[in-house]
Amino acid sequence: MTNLPRVPADWEPQHAVWFAWPHNQATWPERFAPIPDFFRRLLRTVSETLPVRVLGNPSLRSGADIESQRIIWVDAPTNDCWIRDYGPLFVVGERPYGIDWEFNAWGGKYPPWDRDNAAGLTVLSSAGWKRREGKLCVEGGALEWDGQGRLLTTDCLVTESRNPGVSKEQVADRLHEIAGATEIVWVNGGGLRGDDTDGHIDQLARFIDPENVVAAVADPEDENHAGLEANFEILRRWGEQTSPRVRVHRLQIPPAREIDGQRVPESYCNYLRLGSERLLVPTFGDRRSDDRAISVLRELAQASVPTIEVLGIDCSDLIWGLGALHCASLNEPARV
């Protein structure tokens with residue numbers, strides 16, 4: 001490792017994990033009731049491993065009933081709970097800082113978003129990180145780093161609804177300049193049906209370590225099959241020529257499931273990694289599929305970190321909001 005600016009990988013030491021307290025009932029139409037209890041359980045589980053910080057409207061603080069020595073409430077109103085996408089991107093090196101990107105609710109899909117767009121500065125100020133302005137509309141779920149400058153992303157960064165008139169080359173130049181990206185892989189085969197992010201990478205492919213990536217794939221009869229296979233091939237070909245070389249492993253999504261007639265974008269890639277200690281895997285109520293995914297992730301994670309615990313977290317209610325564990329969380333790395 002050098003002191004050059006870089007974005008740490010999720011398996012590196014972490015200082016805390018950030019969340020935003022759920023309150024927007026429109027995110028889970030007619031199905032909001034179980035969500036606060038889900039977050040209470042999740043926050044307690046994460047706090048067993050790392051300190052937890054929670055952004056929330058002051059008026060919700062007492063009703064949330066979550067505070068403890070390991071779970072700290074930070075008064076800050078938000079529009080929604082998906083802090084991965086509107087939170088800052090932490091960069092370490094000789095002078096650590098956080099990048100505060102612009103956020104417009106996934107291309108203007110869900111107004112208003114003013115409070116979420118302001119939350120990046122709140123997190124950085126509360127955590128004591130220097131702020132750098134991102135000058136692009138970028139969501140955290142669109143960026144997957146290996147800790148050494150290699151980045152997986154998708155064409156969602158260059159939609160006209162986010163960064164009109166901005167090319168891939170311009171985005172790449174900015175990511176190199178401000179985040180230390182040295183190699184960028186554009187995964188553009190398509191996202192999941194029911195997904196509203198225009199294809200975030202955290203639903204499609206994740207680094208397990210610098211030499212192993214998991215990629216979402218689907219059964220041949222699934223409508224997601226062709227797009228996910230195209231993604232897999234892009235990654236497989238890249239993995240053979242990059243250095244260090246990367247093996248790409250299939251991580252099959254569960255069978256199609258609908259809620260109120262709408263397919264939900266279920267993917268086991270949307271896991272939350274807590275440094276070298278724990279990996280929390282979203283599960284979706286299909287025992288065979290859930291167990292298979294946990295087994296794949298456990299085998300890969302324990303190959304490099306034998307002591308890591310891989311634990312399933314039932315996200316069958318959470319996914320109706322079109323996100324899972326990675327979307328709902330933000331890893332704050334250790335600065336050294």
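So, C156: this cysteine is buried, with a relative accessible area of 1%. Buried here means under 20% relative accessible area, exposed means over 50%, and partly exposed is in between, using a 1.4 Å probe and protein chains only. Keep in mind that this is a predicted model, where local features need pLDDT of at least 70, side-chain atom pairs count only at pLDDT 80 or more, and totals for chains, interfaces and linings use all residues. Residues are numbered from 1 along each chain as its sequence is written, and side-chain values use heavy atoms, with hydrogens and water left out.

A disulfide is a pair of cysteine sulfur atoms within 2.5 Å, and the structure holds 0 of them. C81 is in no disulfide either; its nearest cysteine sulfur, that of C327, is 8.9 Å away. C81 is also buried, with a relative accessible area of 1%.

Okay, on to the cores. A nonpolar core is a set of buried Ala, Val, Leu, Ile, Met, Phe, Trp, Tyr and Cys residues joined through side-chain atoms within 4.5 Å. The largest one has 91 residues, and F19, F39, V46, L55, L152 and L235 have the most contacts inside it. Helix α1, residues 35-47, gives the largest share, 6 residues. There's a second, separate core of 20 residues, including V7 and W145.

Now find helix α8, residues 287-304. Helices are DSSP runs of H or I with at least four residues, strands are runs of E with at least two, and both are numbered from the N terminus. α8 has 18 residues and reaches 26 Å from its first C-alpha to its last, close to the 26 Å expected at 1.5 Å a residue; that expected span is 1.5 Å times one less than the number of residues.

Which residues of α8 are buried? They're S289, D290, A293, I294, L297, L300 and A301.

A hairpin joins β10 to β11 through 2 residues.

Notes:
Two strands pair if DSSP finds at least two bridges between them.
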